[in-house]
Amino acid sequence: MLRLDRVSKTFRTGSFGGRELRAVREVGFEVAQGEVVSLIGESGSGKTTLGRMILRLAAVSDGSITLDGVDIARQKDYYRSVQGVFQDPFSSYNPIFKADRVLEMIRQRFFPSMGAADWRGRVESSLAAVRLDPGGVLGKYPHQLSGGQLQRLLIARALLLDIRMLVADEIISMLDASTRIDVLNLLGELKGRGLGILFITHDLSLGNYVSEKTVVLRGGRVVEMGRTELVFGNPLHPYTRNLLGSVPRLHRRWSEEEDAPEEEATCFYHGAAGRDATWPGLVEAEPGHFVGCATSGTCAPALELVR
């Protein structure tokens with residue numbers, strides 16, 4: 001359904017734009033119908049920049065993003081198929097207007113000829129899909145609703161368009177624990193209806209809970225990618241192992257953790273006899289599990305190739 005091929009993003013920096021900052025470097029992966037893909041990485045790894053490019057909020061510098069094989073830049077009704085929900089639900093609403101104004105804006109833009117009764121039924125159906133009571137949210141101002149209600153209202157807004165793909169960028173990071181699980185379970189229900197979801201997060205436990213496939217991003221590059229059970233159960237890249245090792249354990253203090261001796265990084269990418277050309281910079285270490293260079297091209301096998 002949605003495919004990224006060698007996607008890169010370069011920003012001009014400096015007083016006169018004389019320097020370049022490569023925020024995303026030749027990223028490639030796919031999101032299929034009815035699939036949740038977690039895009040995981042630390043702050044500054046390029047996750048949100050990728051999400052913005054998929055939503056056409058930022059231009060692609062190199063490479064291509066396609067939906068059903070057609071470049072998204074050439075699709076006139078792209079937003080009927082792809083929508084996004086962002087980290088801070090409060091900033092998506094104007095506090096002087098009622099919260100359901102975000103729904104009315106969809107009607108004005110995409111359904112101007114729809115009658116009031118038909119629109120009301122469509123709105124109620126969309127709210128029911130995200131487990132919201134119309135009487136509890138319609139006609140209310142943003143400050144009268146919780147963060148979880150506002151976030152689900154934004155998801156309902158996207159569902160009004162019968163979308164096929166949702167970009168969820170850190171959508172639960174500002175919600176409390178009890179509300180988080182509700183939103184995660186909602187994403188699971190939407191996936192069951194055939195919706196493809198790109199779940200952008202820095203929280204590994206959430207990505208493991210909700211997704212079939214995981215993409216690990218570091219410094220704008222994909223360093224590991226594959227089925228979630230393989231990436232989490234058999235992490236091959238040193239960065240992925242470090243991320244997993246940094247997850248707090250419920251019954252163990254960090255001070256009690258023993259410092260394991262540092263092992264020499266094994267580079268599966270440059271150590272492989274042949275590399276899979278499907279995804280740039282990655283090798284298929286096992287079926288459905290791809291990994292990149294352990295040190296971004298400075299490992300011993302890579303230096304040997306240069307000599």
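A salt bridge here is a side-chain nitrogen of Lys or Arg within 4 Å of a carboxyl oxygen of Asp or Glu. With that in hand, a search of the whole structure, which is a predicted model, turns up 11 salt bridges.

In α2, Arg107 and Glu104 are three residues apart, about one turn of the helix, and their side chains meet in a salt bridge at 3.9 Å, N to O. Arg107 counts as buried because its relative accessibility, 19%, falls under the 20% cut-off, while Glu104, at 29%, is partly exposed. Helix α3 holds Glu124 and Arg120, four residues apart, again about one turn; the closest N and O atoms of this salt bridge are 2.9 Å apart. Glu124 is partly exposed at 32% relative accessible area, and Arg120 is partly exposed at 44%. Elsewhere, salt bridges with shared partners tie Arg3, Asp5 and Glu30 into one network. Within it, the side chains of Asp5 and Arg3 pair at 2.9 Å, N to O; Asp5 is partly exposed at 25% and so is Arg3, at 23%.

Now for the nonpolar side of things. The largest nonpolar core runs to 43 residues, with Ile171 and Phe199 having the most contacts inside it. Elements that give two or more residues to this core include α2 (101-110), α3 (116-129), β7 (165-169) and β8 (196-201), but α5 gives the most, with seven. Neighbours within four places in sequence aside, Phe199 touches, among others, Val36, Leu39, Ala168, Ile171, Leu184, Leu206 and Val210. A second, separate core has 31 residues, including Leu4, Leu55, Ile72 and Val215.

Notes:
Residues numbered from 1 in each chain as written. Predicted model: local features only at pLDDT ≥ 70, side-chain atom pairs only at ≥ 80, totals over all residues. Heavy atoms only, no water. Core = buried A, V, L, I, M, F, W, Y, C linked by side-chain atoms within 4.5 Å. Buried < 20%, exposed > 50% of the residue type's maximum accessible area, 1.4 Å probe, protein only. Contact = heavy atoms within 4.5 Å.
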